[in-house]
Amino acid sequence: MEGCASNIFFASAETAVHGGSTRSRIGLAIKSAPMDHLNAVGRSVLRPDGLAKVTGRALYLDDLPENGCWHGATVRSAHPSALILSIDASAVTDPEARVLTAKDVGPRNSVHLIHDDWPILADGRVNHVGEPVALVVAPTLARAQAAAKLIKVAYQAQTPVLDLDAALKGDPRTGGRENVLAKCNVQRGDVDAGFAAAEVILEGEYTTGHQEHAYIEPHGVLATPALGADGAFVGIDVVGSLQCPYYVHKALTYLFGLGDDAIRVRQSTTGGGFGGKEDYPDMIAAHAALLSRACGKAVKIVYERQEDIIATTKRHPSRVRHRTGVKRDGTLVAMDIDVLLDGGAYITLSPVVLSRAVLHSAGAYSCPNVRIRGRVLATNTPPNGAFRGFGAPQSLFAVERQMDKVARALGLDPFAVRIRNAYREGDITPTGQLLKESVSAVAVLERAKSATRFAERFAANEGARAARKDDGKPMRGIGVSVFWHGSGFTGNGERRMMSKGAVRLRPDLKIEVLSSSTDFGQGTEGIFRQIVADACGVALDDVVVHIPDTAAVPDSGPTVASRTVMVVGGLLARAGAKLAETLRTFAAHQSGTAPAAVVLSNGFFETDRGRTPFVDVAKRYVTLHGPLDAVATFEPTPGSTFDEATYQGDAYAAYGWGANVVEVEIDPDTFITRVTKLTTVSDVGHVVHPVMCAGQVEGGTLQALGWGYLEEMKMKDGRFLNDRMQTYLIPTMADTPDMETILLENPTTQGPFGAKGVGELPMDGGAPALLQAIENATGISLSAIPATPERIFAASRARKRS
Amino acid sequence: MSPTYRFTLNGKPAEVAGPPMARLLDVLRRDLGLTGSKEGCGEGECGACTVLLDNQPVCSCLVPLFQVEGAVITTIEGLAQGQAGALAQGQAGALAPDEKATELQRVFANEGGAQCGACTPGMIVTIKALLDRHPKPTRDQIREYVSGTLCRCTGYERIFRAVEVLTGQRPAEGEPAAHSDEVSRT
């Protein structure tokens with residue numbers, strides 16, 4: 001195809017598109033993407049679900065017709081650690097209500113995720129408040145809830161282990177054993193020699209708390225049983241608000257011991273996820289399916305907000321310790337890092353969260369000698385699981401605060417110490433990965449600096465603070481962070497998953513996208529249409545997207561890990577190119593032309609003799625041969641390896657890069673922080689849809705700021721005290737600064753049309769930049785988030801005393 | 001026997017028998033099949049259930065049924081039917097299509113105001129009320145008026161911008177589309 005030039009270079013000139021977000025391209029070679037022929041990729045076209053959502057027509061799980069379904073309710077543990085002595089349902093007199101306990105689940109009473117330690121219903125003991133103990137089903141929700149209240153559970157309370165300090169002393173469940181749910185260590189260079197050569201050595205400890213996803217649509221599933229001729233339960237059809245239909249499929253296949261075809265899982269329109277609908281839908285789908293088997297009816301479970309907050313997984317609290325050796329000019333020579341995560345009561349996804357935390361913990365910085373030790377400990381608190389960023393925000397918060405400490409100790413400004421150590425192309429990461437391409441740490445920092453005049457304003461605020469009079473005027477601060485985020489699964493994850501993506505030319509001449517990647521707001525469906533349209537060479541209107549449905553789409557893996565555009569989009573681009581190739585060959589054969597002389601571009605087959613509309617050729621093909629399918633399976637990058645025993649090798653196929661500048665005003669009397677401006681610079685490779693990409697960056701960064709100063713899950717005796725929207729505060733419009741969103745495009749060879757992942761990167765840098773801005777304004781250096789007024793006040797008092 | 005309440009719903013007379021303290025949100029969603037208004041929290045905090053009651057945005061999860069007797073209710077489903085706009089001009093009962101509301105919905109979708117969409121109906125209904133009061137709102141006016149509706153996806157920037165594009169204060173970034181192939185989920 002003309003335009004498939006082997007190398008395309010972009011000028012480094014910047015262009016502001018449509019007067020909005022700024023996009024610029026960094027000069028870099030990309031190997032296979034014919035970008036000058038792109039017609040859909042790179043455009044902010046209307047998302048396919050857009051009009052349905054703005055008119056209220058989009059149907060979420062609780063909007064679907066109930067058709068006489070029954071309703072489930074859950075009885076939950078009130079104790080963080082206790083033996084279950086008895087469960088007495090004799091007071092339930094509703095003749096139609098059915099009650100299930102662990103003995104009704106069967107031999108496979110666990111959520112089948114990574115380890116089988118997470119009970120679907122507690123059996124003999126409970127390990128956290130809110131743990132499911134019994135289930136009830138009845139013809140109406142009111143009757144199910146009424147029956148649930150009549151079930152009496154007798155407990156014998158045990159001493160719980162509620163935080164990391166206590167957890168370090170022993171296992172809350174088995175007593176006395178080492179309390180480690182997962183470990184992960186990385187080493188590069190000679191750390192001891194590095195410290196010996198250091199001119200300054202600094203230590204720091206940084207902590208972060210729970211974070212609630214607070215998707216606006218709570219969890220919900222509807223399970224419909226398949227009954228055999230004799231009325232026996234032979235399978236289940238689940239529709240739900242979820243991220244990973246094949247995770248639920250795998251969990252239910254395991255639970256019931258049924259074949260793949262007996263279980264069908266479909267995604268309903270999903271009102272937000274952020275990782276929160278990665279793991280927990282396995283649990284709630286299992287509950288609904290078990291109840292459905294028990295009563296022979298379709299069963300719906302929709303959580304109210306409070307139950308959703310009590311029951312579902314959260315972001316792992318963390319404690320990260322740093323010991324850092326530097327030269328006097330700020331050059332890093334040794335880093336010793338200890339990452340500790342609170343996993344809660346069960347393993348869920350903790351090993352993978354830890355792995356990502358460890359791999360990002362040295363930050364976007366080159367250092368020759370690095371030692372990282374990571375552990376997840378068990379506590380008697382609700383299990384922590386996937387949340388946007390997946391461990392990286394915690395460890396990047398720590399390293400960014402530590403770099404601020406380095407800057408302060410050396411009398412450098414925070415920008416200077418970052419730019420000195422930021423990764424350049426050709427640098428090597430702690431896992432020994434050579435960063436060959438698409439490295440933008442310096443570029444995003446420089447752009448952030450020039451967009452905000454960072455250095456001058458940081459220095460001016462420092463000066464103003466020194467000269468400050470007690471006049472009640474707000475204190476002003478500015479802070480910067482730099483960060484990276486690996487796109488796709490860690491290490492060999494993609495190789496193990498071997499995801500598939502497919503496209504189909506249907507009899508109605510539409511090309512249908514078939515994948516299990518879900519859209520829970522990010523815009524997956526629209527972006528896949530754009531990618532497939534350009535990969536095939538057809539118009540956007542010729543492409544439609546099939547909903548994620550395990551009976552109809554291949555397993556493209558879960559919708560997590562910033563892998564949707566780069567990994568699954570890449571599969572779909574390859575499948576689309578295959579389909580186009582078949583049609584091109586067919587068109588050439590039909591017209592007696594050499595296949596090489598036919599090009600399919602923007603909806604037309606072109607030769608030097610003229611052009612034929614895509615649909616004409618497609619129609620002839622379908623009439624003669626029927627629908628045409630093309631499938632692509634993941635292929636590892638040649639030469640790329642990762643050793644899981646030593647944690648050495650290529651940890652991620654590509655990295656996104658970001659810099660944040662946060663500006664604040666702090667009231668000197670109340671210590672209330674107001675964020676006045678947010679500037680983000682992100683490189684996520686070639687941008688498929690600028691408006692939606694900016695939306696990911698802006699929404700993710702506001703979540704990061706919320707985590708940094710507003711969102712605090714308060715816990716007492718293992719119970720969340722603020723388990724409602726009224727008490728768990730997320731940012732409102734009133735808390736939201738004006739945002740400048742700058743997208744630098746430094747394409748990768750690893751993704752379709754040069755695209756990398758965008759989903760998680762924006763969660764990584766908001767909190768540390770905010771804390772640096774608070775320090776710039778007040779002189780108070782915090783090492784824990786959220787930076788609530790109470791916390792700043794306490795630090796201020798402590799400083800005055802000392 | 002539950003009492004019967006009469007009110008105007010999306011421009012048409014409605015009659016509902018139910019307990020006086022039934023939540024308007026449940027009446028709309030369960031009894032009347034209008035599922036556009038969402039329940040995000042059930043305590044008036046998130047604003048996903050916002051409807052217009054006599055042209056005022058209210059959380060329908062906090063409104064008992066007896067309070068809507070004789071009132072004019074507009075939900076996301078009826079927003080573009082004209083009742084709300086007509087009321088603003090003192091023409092109750094008129095039912096011309098409200099092109100301004102349609103345009104608000106179109107621009108909101110084009111400019112990335114909706115991601116997951118769960119807050120979107122409440123958000124759009126609230127913005128409609130804002131625009132009736134401030135036809136060309138400043139960012140601080142938007143910030144104050146709409147801050148009772150929570151969005152966890154967008155960071156609000158694209159929502160601010162959609163309102164600013166709609167009111168001619170900023171050039172569009174999204175491409176206007178002739179139509180959209182919706183993904184069918186049923």
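In what order do the five strands of the open sheet in chain A run? The order is β9-β17-β16-β15-β10 (chain A), with mixed pairing.

## Ground rules

This is a predicted model, where local features need pLDDT of at least 70, side-chain atom pairs count only at pLDDT 80 or more, and totals for chains, interfaces and linings use all residues. Residues are numbered from 1 along each chain as its sequence is written, while chains are lettered from A and ligands numbered from 1 in the order written.

## The sheet in chain A

Helices (H or I, at least four residues) and strands (E, at least two) are DSSP runs, numbered from the N terminus; two strands pair if DSSP finds at least two bridges between them. β9 (180–188) and β10 (200–208) of chain A each have a single partner strand, so one side of each has no neighbour in the sheet. From one strand to the next, the twist averages 10° (axes are lines fitted to C-alpha atoms, for helices over the stretch in contact; angles run from 0 to 180 degrees between N-to-C directions).

β9(A) pairs with β17 (residues 370–378) of chain A in the antiparallel sense, over eight bridges. Here A:R188 sits opposite A:V370 in β17(A). Helix α10 (residues 392–410) of chain A packs on the sheet and touches β10, β15 (318–326) and β16 (332–344) of chain A, its direction making about 145° with that of β10(A).

In contact (C-beta atoms, placed from the backbone, within 7 Å) are 52 residues of chain B and 55 residues of chain A. On the chain B side, α3 (99–110), α4 (120–133), α5 (139–146) and α6 (157–166) are the elements giving two or more residues, and α3(B) gives the most, with four residues.

Definitions and conventions. Two residues are in contact if their C-beta atoms, placed from the backbone, lie within 7 Å.
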